[in-house]
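Thanks, everyone. Let's walk through this one quickly.

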Amino acid sequence: MRSMLETELEVLIWSLAAQAYGPSLEPIVSQALMQYRRRPGLDDPTRIYQSSMESSAFQALARAFIANDHSGLCLENGYIEMRSGLRWHLSRRLQQILIEDEHATDAMRDNYFSADLGL
């Protein structure tokens with residue numbers, strides 16, 4: 001059940017970011033990709049499907065992947081594959097930016113701060 005809620009929140013984060021930042025979302029995602037540092041070990045592979053999020057958000061993510069030379073892009077089949085750690089990092093960074101810019105919902109704020117507190 002927890003992963004389902006995180007997925008719903010993740011979709012909301014990407015949707016709100018696409019609405020709030022429009023064409024500026026791609027450089028935001030590119031910067032988050034450049035800031036990512038993988039931890040030792042293997043994370044589970046995950047896929048983000050184009051049909052699961054707003055088209056503009058998916059396209060910004062895809063263009064950022066291409067610009068940053070990340071593998072895992074499979075646009076022919078409509079998904080982007082990435083490790084769970086990177087996926088969490090991107091979602092978390094967008095959530096942080098939405099909070100800082102006062103675009104985040106109460107649920108996003110609660111989730112972000114509860115994770116900081118380890119709840």
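Start with Ser30. Ser30 counts as buried, at 11% relative accessibility. Keep in mind that this is a predicted model. Where does Ser30 sit? Its place is in helix H2, residues 25-35. Leaving out residues up to four places away in sequence, Ser30 touches Ala64 and Asn68.

Now the nonpolar core. The largest one has 33 residues. Which of them touch the most other members? Leu25, Leu61 and Leu90 do. Several elements give two or more residues to this core: helix H1 (2-21), H2, helix H3 (55-67), strand E3 (79-83), helix H4 (84-100) and helix H5 (106-117). Take Leu25. With residues up to four places away in sequence left out, Leu25 touches Ala17, Ala18, Ala57, Ala60 and Leu94. As background, nonpolar side chains in soluble globular proteins tend to be buried together.

On to the rings. The count of aromatic pairs comes to two. One of them is Tyr112 with Phe113. Why is that pair called edge-to-face? The ring centres are 5.5 Å apart and the planes stand at 90°, and over 60 degrees counts as edge-to-face. Buried or exposed? Tyr112 counts as buried, at 10% relative accessibility. Phe113 is partly exposed, with a relative accessible area of 41%.

Arg92 lies over the face of Tyr112, 3.7 Å from the ring centre. There is also Arg47, which lies over the face of Tyr79 at 4.0 Å from the ring centre.

That's my tour. Over to you.

Definitions and conventions:
Residues are numbered from 1 along each chain as its sequence is written. This is a predicted model: local features need pLDDT of at least 70, side-chain atom pairs count only at pLDDT 80 or more; totals for chains, interfaces and linings use all residues. Side-chain values use heavy atoms; hydrogens and water are left out. Rings of Phe, Tyr and Trp (its six-membered ring) pair if their centres lie within 6.5 Å; planes under 30 degrees apart count as stacked, over 60 as edge-to-face and the rest as tilted. Buried means under 20% relative accessible area, exposed over 50%, partly exposed in between (1.4 Å probe, protein chains only). A charge sits over a ring if NZ of Lys or CZ of Arg is within 6 Å of the ring centre and within 35 degrees of the ring normal. Helices (H or I, at least four residues) and strands (E, at least two) are DSSP runs, numbered from the N terminus. Contact means heavy atoms within 4.5 Å. A nonpolar core is a set of buried Ala, Val, Leu, Ile, Met, Phe, Trp, Tyr and Cys residues joined through side-chain atoms within 4.5 Å.
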